[in-house]
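Please look over the fold below. The report then takes the helices, the barrel and the loops in turn.

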Amino acid sequence: MHYNRLGRAGLKVSALSLGSWVTYHNQVNADAAVELMAAAFDAGVNFFDNAEVYAKGQSEVVMGEALKRLGWPRLNYIVSTKFFWGLEREGNTVNRQDTLNRKYLMQAMDGSLKRFGLDFIDLIYCHRPDPHTPIEETVWAMHNLIEQGKALYWGTSEWPAADIRAAYEIAERHHLHKPLMEQPQYHLFHRQRVEQEYARLYEDIGLGLTTWSPLASGLLTGKYRQGVPAGSRGAMESMAFLREQLLDEKRNAAVGELEGIARELGGSVAQLAIAALTLNPRVSTVILGASQRRQLDENLGALALRERLTPAVMARVDAITRPLAA
């Protein structure tokens, strides 16, 4: 396993990490989570990603139970969660959903700590930008959560570069804890934000990246080339919004070409897709998702391909994928 600093922080995260979106509670119970997290940890993974909204809070419960059973020293692992959507979607929820105001953030933090069964959470993220709350209010609230000892570092997820810079400058002006990391979607067919929009932020403010969806929700495994297989993420009704993307003919044809390159390198197309992202020096960690041990083992094997991705190989990969990338 390789380890990278998280932006300019002294904290080091494993190049590959394990996330819980879609899987925990929905496909993975506490027993399975223990197995998956133990296997990841044994392979060198030290970062486990979550969010308040995943499975309506139950993903945090499952991960918290797994951590309790595993009994690792607290210094040995890093846990995250993210806030924005809230858990209450019915009734008088005006300050409990789709917001980053102080009232919501303070109570959301306490809720996550309770579900995890932890004294603090290492990384907390503002899960989406909130155009209705002043950024200054959000920055102060995140700073206060760190000052209270409930979190160690804070960042953003899917924020525009201009908003990240504004938050950083507010924190700098008031000597507050600054946003350290961003969690954007990043895969071979989704590059613009990481490789272009954020380009100035890496040097200017030392932004670190904990990227998600390296396999484009499964598209880059090749499993959707012949339609939506039963039991896959694309077959889940809650994931119906992904089907058009997963069945995209041009991208699936490109995946077929990538499979040929992967075979030449002695790996799978999924391993190729993940390994390629780890070559980006701006990426601190690539968050993996897995509902079964065999999936996790294959994805962790991506690091074995990393050294085989020469400039010539990456030029071939780029020629296939970049024309289809957003």
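## Helix α3 against helix α4

At roughly what angle do the axes of helix α3 and helix α4 cross? The crossing is at roughly 25°, and the axes come within 9 Å. Helix α3 covers residues 102–116, and helix α4 covers residues 135–147. Angles under 35 degrees count as roughly parallel. The two helices, α3 and α4, are therefore roughly parallel to each other. Their crossing is right-handed. All of this is read from a predicted model.

Which residues make the contact? From α3 come R102, L105, M106 and M109. From α4 come E137, T138, W140, A141, M142, N144 and L145. Sorted by class, the contact of α3 with α4 holds seven nonpolar, two polar and two charged residues.

## Helix α4 against helix α5

Helix α4 also meets helix α5, residues 161–174. The axes of α4 and α5 come within 9 Å and cross at roughly 60°. That angle makes α4 oblique to α5. The crossing of α4 and α5 is right-handed.

On the α4 side, the contact uses I135, E136, V139 and W140. On the α5 side, it uses D163, A166, A167, I170, A171 and H174. By class, the contact of α4 with α5 divides into seven nonpolar, one polar and two charged residues.

## The barrel

How many strands form the closed barrel? There are eight, in the order β3-β4-β5-β6-β7-β8-β9-β10, and the pairing is parallel. Neighbouring strands of this sheet are turned by 30° against each other on average, direction ignored.

Helix α4 packs on this sheet and touches β6 and β7. The direction of α4 makes about 155° with that of β7. Angles over 145 degrees count as roughly antiparallel.

Strand β6 spans residues 121–126. Is β6 mostly covered or mostly open? It is mostly covered, with six of its six residues buried.

On one side, four bridges join β5 to β6, and these strands run parallel. K82 has Y125 of β6 as its bridge partner. Strand β6 is also joined to strand β7, residues 151–156, by five bridges. This pair runs parallel too. Here the bridge partner of I124 is W154 in β7.

Strand β9 spans residues 208–211, and both its faces are covered. G208 and T210 lie on one side, L209 and T211 on the other. All four are buried.

Strand β8, residues 179–182, is joined to β9 by two bridges, and the two run parallel. E182 has L209 of β9 as its bridge partner. Three bridges join β9 to strand β10, residues 283–288, again in parallel. T211 stands opposite V286 in β10.

## Loop residues with positive phi

Where does K56 sit? K56 is found in the loop between β4 (47–49) and α2 (58–70). The phi of K56 is near 55°, a positive value in a residue other than glycine. K56 is exposed, with a relative accessible area of 70%.

D98 also has a positive phi, near 50°, and is a residue other than glycine. D98 is found in the loop between β5 (78–83) and α3. Its relative accessibility is 31%, so D98 counts as partly exposed.

Is E90 buried or exposed? E90 is exposed, with a relative accessible area of 73%. Along the chain, E90 and W21 are 69 residues apart. Their C-alpha atoms are separated by 23 Å.

Q271 lies in helix α10, residues 269–278. Buried means under 20% relative accessible area. At 13% relative accessibility, Q271 therefore counts as buried. Which residues does Q271 touch, not counting those up to four places away in sequence? They are E298, G301, A302 and L305.

How values were computed
Residues numbered from 1 in each chain as written. Predicted model: local features only at pLDDT ≥ 70, side-chain atom pairs only at ≥ 80, totals over all residues. Heavy atoms only, no water. Axes fitted to C-alpha atoms, helices over the stretch in contact; angles between N-to-C directions. Parallel < 35°, antiparallel > 145°, perpendicular 65-115°, else oblique. Left-handed = near helix turned anticlockwise from the far one by under 90°. Contact = heavy atoms within 4.5 Å. Nonpolar A, V, L, I, M, F, W, Y, C, P; charged D, E, K, R; others polar. Buried < 20%, exposed > 50% of the residue type's maximum accessible area, 1.4 Å probe, protein only. Pairing = 2+ DSSP bridges.
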